[in-house]
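Please look over the structure shown here. The report then turns to model confidence and to salt bridges.

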Amino acid sequence: MIIFEEELKKFHPSPEIEEVENTVREHELTDMTDIMVELLRRQKENKEL
């Protein structure tokens, strides 16, 4: 039987995962919300013309 508390004590995060997390935090990445906001802005500008 697995004793989860004991397994959690043994857990150590992977160094590669921490590196990726740090890289992602350091860079300003465009997400879907940013893309949608930009598309809506452009659409509004085109309608005004």
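## Model confidence

This is a predicted model. The mean pLDDT of the protein is 88, and 100% of the residues reach 70 or more. Among the elements, helix 1 (residues 4–10) has the highest mean pLDDT, 92, while helix 2 (residues 15–26) has the lowest, 85.

## Salt bridges in helix 3

The structure holds 5 salt bridges. Among them is the pair Arg41 and Glu38, whose closest N and O atoms are 2.4 Å apart. Both residues lie in helix 3 (residues 32–48), 3 residues apart, or about one turn of the helix.

Glu38 also meets Arg42 in a salt bridge, at 2.9 Å from N to O. Glu38 and Arg42 are 4 residues apart in helix 3, again about one turn. Arg41 in turn forms a salt bridge with Glu45, with the closest N and O atoms 2.4 Å apart. Arg41 and Glu45 are 4 residues apart in helix 3, so about one helical turn separates them.

Taken together, Glu38, Arg41, Arg42 and Glu45 are linked in a network of salt bridges.

How exposed is Glu38? Glu38 is partly exposed, with a relative accessible area of 27%. Arg41 is partly exposed at 38%, and Glu45 is partly exposed at 39%. Arg42 has a relative accessibility of 46% and therefore counts as partly exposed, since the exposed class begins over 50%.

How values were computed
Residues numbered from 1 in each chain as written. Predicted model: local features only at pLDDT ≥ 70, side-chain atom pairs only at ≥ 80, totals over all residues. Heavy atoms only, no water. pLDDT = per-residue confidence, 0-100. Helix = DSSP H or I, 4+ residues; strand = E, 2+ residues; numbered from the N terminus. Salt bridge = Lys/Arg side-chain N within 4 Å of Asp/Glu carboxyl O. Buried < 20%, exposed > 50% of the residue type's maximum accessible area, 1.4 Å probe, protein only.
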